[in-house]
Structure formats: structure tokens, C-alpha cells
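Thanks for making the time this morning.

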Amino acid sequence: MIKLIASDMDGTLLDENSQVPPETYELILALREHGVHFAASSGRRYDRLCEFFAPVVDKMDFVAANGAQVYADGVEVDREVYSHLAIRKLARTVKMFPNMHLALFDRTKSFLLDDEDKFVREIDKDLPNAERIWGLPDPHVNIIKASIICDDGNVMDNAYVLQRELGGLFSFAPSGNAWIDAMQPGVSKASGIDQLMEHYGVEREEVMAFGDSMNDYEIIRFVGTGCAMQNARPALKAVADRIIGCNRDHAVQQELRRVLDSLS
């Protein structure tokens, strides 16, 4: 029996207009009534996810900022903050490559280390409260997410270069068409879901997850039923337990309804 469902947002739960299909809220509430917890699992920060799920925000859980922010029953159960030394090394390395530009995120702001016109707002990189900075934020600023935009379109090549340069400090996951997420070792959507599992006393075989991009890789491999979208990256589809339809066809919502029907 499925007791916990986690879904990515962009290219997965959201439709082609980056909106939550209205039936999603009713499905989340109905699943909860049957004892099934639903978690948004996203590269987006917690504050932005709350805007998407305003009608049901107190009836669900969140694994935000690629696992750096975890909320269960409305309570923050984890927040993973980047090492300032690691951020310094990341900024220095990114600066070596003129085709890469670094953005850092704390709980509410986006810090851009290049002019704003270098950054494209794409899927979860909507850059809320953006501020152009010329030096790194002070060490007391808690950075919870770091992403690099590539203006040459070679996301996979650039991720490889970054992994070779900084593989001991970060893992690098392509996200969208132009971005790479620099993730802390041991922190991912899977580590966030693991904490929710511990909170609720849920086993891996009782967890289902949906995703489409490489920052979903760990969670798709980790849970009992990992579902990749038809529009997912080929590598993710290769390791998924199941491949479902496209986000534009509300495939996740169809699967939520199927789980619900199995409980009735």
C-alpha cells in the first residue's frame, strides 16, 4: 500500500503553463483522508512552493530546494546550509568559465554574481527577489541552494567539467535546458523524502515518486515505485520503475487518482 507520494513540479506535476491543475488540490485532500501523505519535491524553495499550494499548504509536506528544506506537518524538520568555504570555491571555479554564471539562494532572496541579463528565468529558477552582487554574501547568510546557468547550451558538458573540478564538494545535476544545480553531498530530494519516511514511519516500498529531470534521479532510484514522465530525460526513464504520460496531459494527477481508487 502506498502511504507517501512525492512529486517534482516543473515538467511533472505542473501543466505546460507551469500551473497546478485545479484537480490536484482535491486529490491531495482525498489521499490524506485515506492516510496517504503527499509531498511536493522540488528544486524550488519552500516559500515559492507554498504559493503554488496555497489552498492545501497545511495538508501536505514539502521537500524544497533539492532537499535542503524539509517540512512535515507544517514544521521544518531539516534545513541544510552550504559551507561558506565550499561556496567560495564554487564561485571561483564558475568564474573560470565565461559561459557559466552563478546564482545563490537563501530563504527569501536570489543573489546573482553576474548581471541579470545573463540569467534566464526557467522553470524552478524564477529568481525571486533577485539582487546583483559583486562579492559573495557574508558567511552569516545561510545559502540553501546554488545553481549555474550555461549560456552556451552545453549543460551536460558543463556539468561534467564542474564535477571534475569540484566533485568532492558538490554533485552537479542538469535542471531544465540551461541550468545546473550544485547539490551538497548527501543532500537531495531522496534525503528529504527519507526524513519524511522516518517522521511518518513509512517504508521505502510504501513510497511513490514522480520526476522528469536529473535532480530527480536519486529519489526515483530510492523509493519503492519511481515513476518517470514520458517527457523525462532518457537516463531517468531508463532507471524508473514505471514511465507514465506527459505533464501536459496531467499524467501525475491520473496516477494520484489511480492510487486513490485502489484505496476505495
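Predicted model: local features only at pLDDT ≥ 70, side-chain atom pairs only at ≥ 80, totals over all residues.

**Overall fold and one hairpin**

In this protein, 59% of the contacts with a separation of 6 or more are between residues 24 or more positions apart, where contact means heavy atoms within 4.5 Å. Residues are numbered from 1 along each chain as its sequence is written, and side-chain values use heavy atoms, with hydrogens and water left out.

As for dimensions, the C-alpha trace spans about 55 × 35 × 30 Å along its principal axes. The radius of gyration is 18 Å, which agrees with the value near 18 Å for a compact globule of 264 residues; that radius is taken over C-alpha atoms, and the globule rule is 2.2 Å times the number of residues to the power 0.38. Of the 264 residues, 56% are buried, meaning under 20% relative accessible area with a 1.4 Å probe, protein chains only.

The secondary structure comes to 9 helices and 14 strands, these being DSSP runs of H or I with at least four residues, and of E with at least two, numbered from the N terminus.

Which strands form the hairpin I mentioned? Strand 4 (residues 69-72) and strand 5 (residues 75-79) pair in the antiparallel sense over 4 bridges, pairing here requiring at least two DSSP bridges. Ala72 has Val75 of strand 5 as its bridge partner, and among the 2 residues between the strands, Asp73 takes a positive phi near 55 degrees.

Terms used: Buried < 20%, exposed > 50% of the residue type's maximum accessible area, 1.4 Å probe, protein only.
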